[in-house]
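Work through the exercises below with the model open. Each one has a task and a stepwise solution.

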Amino acid sequence: MTDTLAPTLDSAEIVPERRIVTAIPGPRSQALQARRLAVIPVGVASAIPVFVERAHGAIVVDVDGNQFIDLGAGIGVMTIGHTDAAVVAAASAQLAAFTHVMFTVTPYEGYVRVAELLAEHTPGDFAKKTVLLNSGAEAVENAVKIARKFTGRTGVAVLDHAYHGRTNLTMAMTFKAMPYKLGFGPFASDVHHAPNSYPFHDGLSGADAAARTISYLEKSVGASDLACLVVEPIQGEGGFVVAAEGYFAALREWCTANRVVFVADEIQSGMARTGKYFAIEHFGVVPDMVLSAKGIAGGLPIAGVTGRADIMDASHPGGLGGTFAGNPVAAAAAIAVFDEIESKNLLAEGARIEGVLRPALLEMQKRHPVIGDVRGIGAMIAIELVEPGTHTPNAAAVSAITAFAAQNGVLLLSAGTYGNIIRFLPSLAISTELLNEALQVLDDALSAL
Ligand code: PMP
(Lines give C-alpha, C1' and ligand atoms only; values in the text may rest on other atoms or scores of the structure.)
Protein backbone atom coordinates (compact mmCIF):
# COMPACT_ATOMS: atom_id res chain seq x y z
CA MET A 1 0.00 0.00 0.00
CA THR A 2 1.32 3.42 -0.83
CA ASP A 3 0.61 6.64 0.97
CA THR A 4 1.68 9.12 -1.64
CA LEU A 5 1.26 12.64 -0.40
CA ALA A 6 0.44 15.58 -2.58
CA PRO A 7 1.50 18.74 -0.72
CA THR A 8 -1.62 20.84 -0.27
CA LEU A 9 0.13 24.10 0.58
CA ASP A 10 2.79 26.16 -1.12
CA SER A 11 5.88 25.93 1.12
CA ALA A 12 6.19 29.71 1.10
CA GLU A 13 2.88 29.84 3.01
CA ILE A 14 4.22 27.87 5.95
CA VAL A 15 3.60 29.89 9.13
CA PRO A 16 7.01 30.27 10.79
CA GLU A 17 6.17 28.66 14.10
CA ARG A 18 6.88 25.50 16.08
CA ARG A 19 3.80 23.31 16.23
CA ILE A 20 3.49 19.75 17.53
CA VAL A 21 0.12 18.16 16.77
CA THR A 22 0.83 14.41 17.13
CA ALA A 23 3.17 12.13 19.04
CA ILE A 24 6.65 12.21 17.45
CA PRO A 25 6.92 10.33 15.15
CA GLY A 26 3.29 10.71 14.11
CA PRO A 27 1.18 7.96 12.50
CA ARG A 28 2.04 8.81 8.89
CA SER A 29 5.75 8.97 9.69
CA GLN A 30 5.46 5.62 11.44
CA ALA A 31 3.77 4.08 8.42
CA LEU A 32 6.48 5.43 6.11
CA GLN A 33 9.16 4.19 8.49
CA ALA A 34 7.72 0.67 8.23
CA ARG A 35 7.88 0.86 4.42
CA ARG A 36 11.38 2.28 4.58
CA LEU A 37 12.69 -0.53 6.77
CA ALA A 38 11.57 -3.08 4.18
CA VAL A 39 13.49 -1.53 1.28
CA ILE A 40 16.31 0.64 2.63
CA PRO A 41 19.36 -0.87 4.33
CA VAL A 42 19.91 -0.14 8.01
CA GLY A 43 23.28 1.37 7.06
CA VAL A 44 21.35 4.43 5.88
CA ALA A 45 20.22 5.61 9.31
CA SER A 46 18.26 8.77 10.12
CA ALA A 47 18.71 10.85 13.26
CA ILE A 48 15.00 11.52 13.67
CA PRO A 49 12.34 9.22 12.10
CA VAL A 50 9.96 11.98 11.00
CA PHE A 51 9.27 12.14 7.28
CA VAL A 52 9.32 15.58 5.75
CA GLU A 53 6.56 16.96 3.55
CA ARG A 54 7.76 20.51 2.95
CA ALA A 55 9.96 23.22 4.41
CA HIS A 56 10.47 26.96 4.28
CA GLY A 57 13.01 29.25 5.87
CA ALA A 58 13.99 27.61 9.16
CA ILE A 59 10.81 25.51 9.51
CA VAL A 60 10.45 21.86 8.48
CA VAL A 61 6.93 20.38 8.28
CA ASP A 62 6.45 16.63 8.60
CA VAL A 63 3.82 14.43 6.96
CA ASP A 64 1.68 14.58 10.13
CA GLY A 65 1.56 18.39 10.14
CA ASN A 66 4.16 18.86 12.89
CA GLN A 67 6.39 21.90 12.44
CA PHE A 68 9.99 21.85 13.63
CA ILE A 69 12.48 24.66 14.14
CA ASP A 70 15.42 23.44 12.08
CA LEU A 71 18.75 24.08 13.82
CA GLY A 72 20.61 21.64 11.58
CA ALA A 73 19.69 22.89 8.11
CA GLY A 74 20.21 19.42 6.61
CA ILE A 75 23.75 19.42 8.10
CA GLY A 76 24.66 22.89 7.01
CA VAL A 77 23.19 22.82 3.52
CA MET A 78 20.15 25.11 3.73
CA THR A 79 22.29 28.08 4.70
CA ILE A 80 20.02 30.66 3.11
CA GLY A 81 16.86 28.82 4.21
CA HIS A 82 14.53 26.19 2.80
CA THR A 83 12.69 26.93 -0.48
CA ASP A 84 14.29 30.35 -0.90
CA ALA A 85 12.17 32.02 -3.59
CA ALA A 86 15.10 33.09 -5.78
CA VAL A 87 16.66 29.61 -5.69
CA VAL A 88 13.32 27.95 -6.51
CA ALA A 89 12.78 30.34 -9.44
CA ALA A 90 16.31 29.97 -10.85
CA ALA A 91 16.35 26.18 -10.60
CA SER A 92 12.81 25.92 -12.02
CA ALA A 93 13.71 28.09 -15.02
CA GLN A 94 16.81 26.04 -15.73
CA LEU A 95 14.82 22.83 -15.33
CA ALA A 96 12.56 23.97 -18.16
CA ALA A 97 15.49 25.14 -20.34
CA PHE A 98 17.71 22.03 -20.20
CA THR A 99 18.76 19.72 -17.39
CA HIS A 100 21.81 18.00 -18.80
CA VAL A 101 24.13 18.00 -21.76
CA MET A 102 27.36 17.26 -19.87
CA PHE A 103 29.88 20.07 -19.58
CA THR A 104 32.70 17.90 -20.92
CA VAL A 105 30.66 17.27 -24.09
CA THR A 106 29.03 20.67 -24.72
CA PRO A 107 29.59 23.45 -22.17
CA TYR A 108 27.10 26.02 -20.83
CA GLU A 109 27.36 29.38 -19.09
CA GLY A 110 26.10 28.38 -15.63
CA TYR A 111 29.20 26.29 -14.91
CA VAL A 112 31.45 29.19 -15.94
CA ARG A 113 29.47 31.66 -13.81
CA VAL A 114 29.75 29.48 -10.69
CA ALA A 115 33.51 29.27 -11.27
CA GLU A 116 33.69 33.07 -11.63
CA LEU A 117 31.72 33.55 -8.39
CA LEU A 118 33.92 31.11 -6.50
CA ALA A 119 37.06 32.81 -7.85
CA GLU A 120 35.67 36.15 -6.68
CA HIS A 121 34.58 35.08 -3.21
CA THR A 122 37.30 32.64 -2.11
CA PRO A 123 40.26 34.26 -0.33
CA GLY A 124 43.37 35.20 -2.29
CA ASP A 125 44.15 37.92 -4.80
CA PHE A 126 45.45 35.73 -7.62
CA ALA A 127 44.13 33.91 -10.69
CA LYS A 128 41.92 30.98 -9.69
CA LYS A 129 40.20 28.15 -11.48
CA THR A 130 37.41 25.82 -10.38
CA VAL A 131 36.34 22.29 -11.21
CA LEU A 132 32.74 21.44 -10.28
CA LEU A 133 31.67 18.06 -8.90
CA ASN A 134 28.59 16.51 -7.29
CA SER A 135 29.42 16.04 -3.62
CA GLY A 136 31.78 17.10 -0.90
CA ALA A 137 33.65 13.81 -0.93
CA GLU A 138 34.14 14.11 -4.67
CA ALA A 139 35.59 17.60 -4.20
CA VAL A 140 38.06 16.25 -1.64
CA GLU A 141 39.01 13.39 -3.99
CA ASN A 142 39.64 15.84 -6.83
CA ALA A 143 41.66 18.21 -4.65
CA VAL A 144 43.98 15.33 -3.79
CA LYS A 145 44.21 14.26 -7.44
CA ILE A 146 45.16 17.78 -8.52
CA ALA A 147 47.63 18.34 -5.66
CA ARG A 148 49.35 15.05 -6.50
CA LYS A 149 49.61 15.93 -10.16
CA PHE A 150 50.94 19.41 -9.35
CA THR A 151 53.54 18.35 -6.81
CA GLY A 152 54.47 14.96 -8.22
CA ARG A 153 54.14 13.66 -4.64
CA THR A 154 51.61 11.24 -3.16
CA GLY A 155 51.29 11.87 0.59
CA VAL A 156 48.09 13.36 2.02
CA ALA A 157 48.03 14.91 5.49
CA VAL A 158 44.86 15.44 7.51
CA LEU A 159 44.11 16.35 11.12
CA ASP A 160 42.76 14.29 13.99
CA HIS A 161 38.96 14.50 14.36
CA ALA A 162 38.61 15.43 10.67
CA TYR A 163 35.71 14.38 8.47
CA HIS A 164 36.19 14.41 4.70
CA GLY A 165 33.64 11.90 3.34
CA ARG A 166 32.58 8.32 2.75
CA THR A 167 34.37 7.32 -0.50
CA ASN A 168 37.41 5.08 -0.19
CA LEU A 169 40.01 7.87 -0.19
CA THR A 170 37.92 10.18 1.99
CA MET A 171 37.17 7.37 4.48
CA ALA A 172 40.93 7.06 4.83
CA MET A 173 41.09 10.82 5.47
CA THR A 174 38.27 10.73 8.05
CA PHE A 175 39.18 10.20 11.69
CA LYS A 176 36.24 8.42 13.30
CA ALA A 177 35.98 4.66 12.74
CA MET A 178 32.42 4.12 13.94
CA PRO A 179 30.19 4.58 12.01
CA TYR A 180 32.19 5.84 9.02
CA LYS A 181 34.94 3.25 8.48
CA LEU A 182 34.60 0.15 10.60
CA GLY A 183 34.62 -2.96 8.43
CA PHE A 184 34.77 -0.99 5.16
CA GLY A 185 38.54 -1.21 4.56
CA PRO A 186 41.16 -1.61 3.25
CA PHE A 187 41.56 2.11 2.80
CA ALA A 188 43.59 4.23 0.40
CA SER A 189 47.24 4.42 1.40
CA ASP A 190 49.61 7.32 2.07
CA VAL A 191 47.11 9.24 4.20
CA HIS A 192 48.59 10.62 7.43
CA HIS A 193 46.63 11.78 10.47
CA ALA A 194 48.40 14.50 12.41
CA PRO A 195 47.38 15.93 15.80
CA ASN A 196 45.08 18.97 15.53
CA SER A 197 44.53 22.02 17.72
CA TYR A 198 41.69 21.38 20.18
CA PRO A 199 41.99 24.08 22.84
CA PHE A 200 39.34 22.66 25.22
CA HIS A 201 41.25 19.38 25.46
CA ASP A 202 44.90 20.13 24.72
CA GLY A 203 45.17 23.58 26.29
CA LEU A 204 47.91 24.42 23.76
CA SER A 205 48.52 27.80 22.17
CA GLY A 206 48.20 27.95 18.39
CA ALA A 207 51.99 28.06 18.06
CA ASP A 208 52.52 25.02 20.30
CA ALA A 209 49.74 23.02 18.63
CA ALA A 210 51.17 23.86 15.19
CA ALA A 211 54.65 22.83 16.34
CA ARG A 212 53.19 19.48 17.42
CA THR A 213 51.39 18.99 14.07
CA ILE A 214 54.47 19.95 12.06
CA SER A 215 56.79 17.79 14.14
CA TYR A 216 54.51 14.81 13.50
CA LEU A 217 54.45 15.48 9.74
CA GLU A 218 58.19 15.97 9.51
CA LYS A 219 59.16 13.01 11.67
CA SER A 220 56.51 10.51 10.67
CA VAL A 221 56.01 11.36 6.98
CA GLY A 222 58.60 13.82 5.68
CA ALA A 223 57.56 17.06 4.02
CA SER A 224 59.07 16.14 0.66
CA ASP A 225 56.64 13.21 0.33
CA LEU A 226 53.55 15.31 1.01
CA ALA A 227 51.33 16.58 -1.81
CA CYS A 228 48.81 18.37 0.41
CA LEU A 229 47.57 19.19 3.87
CA VAL A 230 43.77 19.20 4.05
CA VAL A 231 42.20 21.05 7.00
CA GLU A 232 38.68 22.05 8.01
CA PRO A 233 38.92 25.68 9.21
CA ILE A 234 36.25 24.76 11.75
CA GLN A 235 35.95 21.01 12.10
CA GLY A 236 32.36 20.02 11.33
CA GLU A 237 31.61 16.41 12.22
CA GLY A 238 34.49 16.61 14.69
CA GLY A 239 32.37 18.96 16.80
CA PHE A 240 32.94 22.52 15.63
CA VAL A 241 36.48 22.49 16.92
CA VAL A 242 38.01 25.95 16.50
CA ALA A 243 41.81 25.91 16.39
CA ALA A 244 43.79 28.18 18.71
CA GLU A 245 44.89 31.54 17.32
CA GLY A 246 47.88 31.32 15.03
CA TYR A 247 47.56 27.59 14.40
CA PHE A 248 46.50 27.75 10.75
CA ALA A 249 48.86 30.63 9.99
CA ALA A 250 51.80 28.52 11.18
CA LEU A 251 50.65 25.52 9.13
CA ARG A 252 50.18 27.76 6.08
CA GLU A 253 53.72 29.08 6.47
CA TRP A 254 55.12 25.57 6.81
CA CYS A 255 53.20 24.40 3.70
CA THR A 256 54.57 27.31 1.66
CA ALA A 257 58.13 26.63 2.81
CA ASN A 258 57.79 22.95 1.92
CA ARG A 259 55.74 23.25 -1.29
CA VAL A 260 52.83 21.35 0.27
CA VAL A 261 49.43 22.38 -1.15
CA PHE A 262 47.30 23.89 1.66
CA VAL A 263 43.68 22.83 1.13
CA ALA A 264 40.80 24.32 3.15
CA ASP A 265 37.86 21.91 3.28
CA GLU A 266 35.08 24.51 3.67
CA ILE A 267 32.34 22.05 2.78
CA GLN A 268 30.62 22.56 6.14
CA SER A 269 32.11 25.86 7.31
CA GLY A 270 31.85 27.83 4.06
CA MET A 271 29.33 29.88 2.09
CA ALA A 272 28.56 32.64 4.58
CA ARG A 273 27.77 30.37 7.52
CA THR A 274 30.34 31.99 9.80
CA GLY A 275 29.70 35.57 8.68
CA LYS A 276 32.38 35.46 6.01
CA TYR A 277 32.15 33.56 2.76
CA PHE A 278 34.76 31.11 4.00
CA ALA A 279 35.71 30.40 7.62
CA ILE A 280 39.45 30.41 6.94
CA GLU A 281 39.13 34.19 6.44
CA HIS A 282 38.63 34.52 10.22
CA PHE A 283 42.16 33.19 10.65
CA GLY A 284 43.77 35.53 8.11
CA VAL A 285 45.01 32.60 6.04
CA VAL A 286 44.87 32.22 2.25
CA PRO A 287 44.69 28.57 1.15
CA ASP A 288 45.96 27.22 -2.18
CA MET A 289 42.64 25.43 -2.67
CA VAL A 290 39.17 25.90 -1.18
CA LEU A 291 36.56 23.13 -1.28
CA SER A 292 32.89 24.02 -1.26
CA ALA A 293 29.68 21.94 -1.36
CA LYS A 294 26.69 21.72 1.02
CA GLY A 295 25.44 25.34 1.32
CA ILE A 296 26.51 26.48 -2.12
CA ALA A 297 23.33 25.64 -4.06
CA GLY A 298 20.39 25.65 -1.65
CA GLY A 299 20.16 21.86 -1.45
CA LEU A 300 20.96 20.95 -5.04
CA PRO A 301 24.01 18.72 -5.37
CA ILE A 302 27.08 20.58 -6.58
CA ALA A 303 30.60 20.97 -5.21
CA GLY A 304 33.67 22.94 -6.18
CA VAL A 305 37.45 22.75 -5.99
CA THR A 306 38.74 26.30 -6.39
CA GLY A 307 42.47 26.88 -6.43
CA ARG A 308 45.45 28.76 -7.73
CA ALA A 309 45.31 28.63 -11.51
CA ASP A 310 48.78 27.10 -11.84
CA ILE A 311 47.90 24.27 -9.46
CA MET A 312 44.49 23.65 -11.03
CA ASP A 313 45.99 23.57 -14.53
CA ALA A 314 48.44 20.83 -13.59
CA SER A 315 45.93 18.19 -14.66
CA HIS A 316 46.01 17.15 -18.34
CA PRO A 317 42.91 17.77 -20.52
CA GLY A 318 40.23 15.18 -19.77
CA GLY A 319 41.72 14.32 -16.37
CA LEU A 320 38.88 15.95 -14.43
CA GLY A 321 35.10 15.72 -14.75
CA GLY A 322 32.13 13.41 -14.27
CA THR A 323 28.72 12.85 -15.85
CA PHE A 324 26.60 15.01 -13.57
CA ALA A 325 29.43 17.27 -12.36
CA GLY A 326 28.39 20.93 -12.49
CA ASN A 327 24.81 20.05 -13.41
CA PRO A 328 23.04 23.05 -14.99
CA VAL A 329 20.09 23.09 -12.55
CA ALA A 330 22.42 22.92 -9.56
CA ALA A 331 24.63 25.61 -11.12
CA ALA A 332 21.59 27.89 -11.59
CA ALA A 333 20.69 27.37 -7.94
CA ALA A 334 24.27 28.14 -6.86
CA ILE A 335 24.27 31.42 -8.80
CA ALA A 336 20.99 32.35 -7.08
CA VAL A 337 22.50 31.54 -3.67
CA PHE A 338 25.42 33.92 -4.33
CA ASP A 339 22.92 36.58 -5.48
CA GLU A 340 20.82 36.14 -2.34
CA ILE A 341 23.86 36.38 -0.05
CA GLU A 342 24.77 39.68 -1.69
CA SER A 343 21.33 41.24 -2.16
CA LYS A 344 20.06 40.32 1.31
CA ASN A 345 23.43 41.04 2.96
CA LEU A 346 23.38 37.57 4.52
CA LEU A 347 27.03 37.88 5.58
CA ALA A 348 25.72 40.00 8.46
CA GLU A 349 23.42 37.24 9.72
CA GLY A 350 26.21 35.03 11.12
CA ALA A 351 27.08 37.68 13.70
CA ARG A 352 23.40 38.18 14.60
CA ILE A 353 22.92 34.45 15.17
CA GLU A 354 26.13 34.13 17.17
CA GLY A 355 25.00 37.16 19.18
CA VAL A 356 21.87 35.25 20.21
CA LEU A 357 23.36 31.78 20.66
CA ARG A 358 26.68 32.43 22.39
CA PRO A 359 25.50 34.54 25.36
CA ALA A 360 22.47 32.29 25.91
CA LEU A 361 24.62 29.14 25.87
CA LEU A 362 27.25 30.68 28.16
CA GLU A 363 24.50 31.63 30.58
CA MET A 364 23.11 28.06 30.42
CA GLN A 365 26.62 26.74 31.07
CA LYS A 366 26.54 28.49 34.48
CA ARG A 367 23.33 26.69 35.44
CA HIS A 368 24.04 23.37 33.69
CA PRO A 369 27.61 22.20 34.45
CA VAL A 370 27.13 19.39 31.92
CA ILE A 371 28.10 22.06 29.33
CA GLY A 372 31.89 21.92 29.32
CA ASP A 373 32.59 24.25 26.40
CA VAL A 374 30.77 26.75 24.18
CA ARG A 375 32.56 27.48 20.91
CA GLY A 376 32.24 28.29 17.23
CA ILE A 377 31.82 31.27 14.93
CA GLY A 378 28.69 32.80 13.42
CA ALA A 379 25.92 30.31 12.66
CA MET A 380 28.29 27.45 13.49
CA ILE A 381 28.20 27.16 17.29
CA ALA A 382 28.48 24.07 19.50
CA ILE A 383 28.34 22.94 23.09
CA GLU A 384 30.52 20.07 24.30
CA LEU A 385 28.84 18.02 27.01
CA VAL A 386 30.93 16.44 29.76
CA GLU A 387 30.59 14.73 33.10
CA PRO A 388 30.24 17.87 35.26
CA GLY A 389 33.56 19.20 36.48
CA THR A 390 35.62 17.02 34.11
CA HIS A 391 36.55 16.83 30.43
CA THR A 392 35.08 13.32 30.16
CA PRO A 393 32.68 13.08 27.18
CA ASN A 394 28.98 12.74 27.99
CA ALA A 395 27.32 11.27 24.90
CA ALA A 396 24.31 10.08 26.91
CA ALA A 397 23.37 13.68 27.70
CA VAL A 398 23.55 14.57 24.00
CA SER A 399 21.23 11.67 23.07
CA ALA A 400 18.74 12.65 25.77
CA ILE A 401 18.74 16.31 24.73
CA THR A 402 18.37 15.72 20.98
CA ALA A 403 15.51 13.27 21.64
CA PHE A 404 13.78 15.74 23.99
CA ALA A 405 14.21 18.51 21.43
CA ALA A 406 12.69 16.44 18.61
CA GLN A 407 9.69 15.60 20.80
CA ASN A 408 9.27 19.33 21.37
CA GLY A 409 9.63 20.51 17.81
CA VAL A 410 13.32 21.37 17.51
CA LEU A 411 15.72 19.57 15.15
CA LEU A 412 19.11 19.43 16.88
CA LEU A 413 22.21 17.66 15.56
CA SER A 414 24.94 15.89 17.47
CA ALA A 415 28.61 15.70 16.44
CA GLY A 416 32.06 14.82 17.72
CA THR A 417 34.39 11.86 17.80
CA TYR A 418 32.87 10.93 21.17
CA GLY A 419 29.31 11.89 20.19
CA ASN A 420 29.21 14.43 23.03
CA ILE A 421 28.69 17.62 21.09
CA ILE A 422 25.50 19.43 20.06
CA ARG A 423 26.03 21.68 17.07
CA PHE A 424 23.84 24.57 16.06
CA LEU A 425 24.02 25.37 12.36
CA PRO A 426 20.72 27.03 11.55
CA SER A 427 19.85 28.75 8.34
CA LEU A 428 20.91 32.38 8.17
CA ALA A 429 17.22 33.09 7.53
CA ILE A 430 16.16 31.99 11.02
CA SER A 431 14.49 34.75 13.02
CA THR A 432 15.77 35.75 16.44
CA GLU A 433 12.34 34.79 17.85
CA LEU A 434 12.60 31.21 16.57
CA LEU A 435 16.19 30.95 17.82
CA ASN A 436 15.16 32.08 21.29
CA GLU A 437 12.26 29.64 21.30
CA ALA A 438 14.58 26.78 20.34
CA LEU A 439 17.01 27.85 23.09
CA GLN A 440 14.17 27.63 25.63
CA VAL A 441 13.51 24.04 24.51
CA LEU A 442 17.23 23.30 24.92
CA ASP A 443 17.18 24.81 28.40
CA ASP A 444 14.17 22.63 29.29
CA ALA A 445 15.99 19.58 27.91
CA LEU A 446 19.06 20.36 30.04
CA SER A 447 16.85 20.76 33.12
CA ALA A 448 15.17 17.42 32.38
CA LEU A 449 18.48 15.50 32.28
N1 PMP B 1 34.06 17.54 4.21
C2 PMP B 1 33.38 18.07 5.23
C3 PMP B 1 34.05 19.07 6.11
C4 PMP B 1 32.06 17.69 5.48
O5 PMP B 1 31.39 18.21 6.53
C6 PMP B 1 31.45 16.75 4.62
C7 PMP B 1 30.02 16.31 4.85
N8 PMP B 1 29.62 16.22 6.17
C9 PMP B 1 32.19 16.24 3.57
C10 PMP B 1 33.48 16.65 3.39
C11 PMP B 1 31.59 15.24 2.60
O12 PMP B 1 30.59 15.85 1.85
P13 PMP B 1 29.49 14.95 1.10
O14 PMP B 1 28.65 14.32 2.16
O15 PMP B 1 28.73 15.92 0.25
O16 PMP B 1 30.24 13.95 0.30
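**Exercise 1. Check the length of helix H8 in this predicted model.**

Step 1. H8 runs over residues 206-221, which is 16 residues.

**Exercise 2. Find the buried side of H8 and what covers it.**

Step 1. Apply the cut-off: buried means under 20% relative accessible area.
Step 2. Gly 206, Ala 209, Ala 210, Thr 213, Ile 214, Leu 217 and Val 221 are buried. They span an arc of only 130° around the axis, so they sit on the same side of H8.
Step 3. Turn to the face pointing away from that side. It carries the exposed residues Ala 207 and Lys 219.
Step 4. Look for the cover. It includes strands S5 (155-159), S6 (191-194) and S7 (226-231), and helix H9 (247-258).
Step 5. Step past the end of the helix. Just after H8, Gly 222 has a positive phi of about 100°.

**Exercise 3. Describe the interface between domain 1 and domain 2.**

Step 1. The domain assignment gives domain 1 as 11-84 + 346-448 and domain 2 as 87-343.
Step 2. Count contacts. In domain 1, 36 residues touch 34 residues of domain 2.
Step 3. Take the area. The domains bury about 3,000 Å² between them, with 62% of it on carbon and sulfur atoms. Leu 347, Ile 377 and Met 380 supply 24% of the area that domain 1 buries against domain 2, more than any other three residues.
Step 4. Count salt bridges. There is 1 between domain 1 and domain 2.
Step 5. Look at Glu 237 and Arg 423. They form a salt bridge, with the closest N and O atoms 2.9 Å apart.

**Exercise 4. Which parts does the salt bridge of Arg 367 and Asp 443 tie together?**

Step 1. Check the pair. The side chains meet at 2.8 Å, N to O.
Step 2. Locate the partners. Arg 367 lies in helix H12 (residues 349-367) and Asp 443 in helix H14 (residues 432-447), so the bridge ties parts 76 residues apart in sequence.
Step 3. Arg 367 is partly exposed at 41% relative accessible area, whereas Asp 443 is buried at 11%.

Methods:
Residues numbered from 1 in each chain as written. Predicted model: local features only at pLDDT ≥ 70, side-chain atom pairs only at ≥ 80, totals over all residues. Heavy atoms only, no water. Helix = DSSP H or I, 4+ residues; strand = E, 2+ residues; numbered from the N terminus. Expected span 1.5 Å × (residues − 1). Buried < 20%, exposed > 50% of the residue type's maximum accessible area, 1.4 Å probe, protein only. Arc of directions from axis to C-beta. Contact = heavy atoms within 4.5 Å. Domains from an automatic or database assignment. Buried area = accessible area lost by both parts, 1.4 Å probe. Salt bridge = Lys/Arg side-chain N within 4 Å of Asp/Glu carboxyl O.
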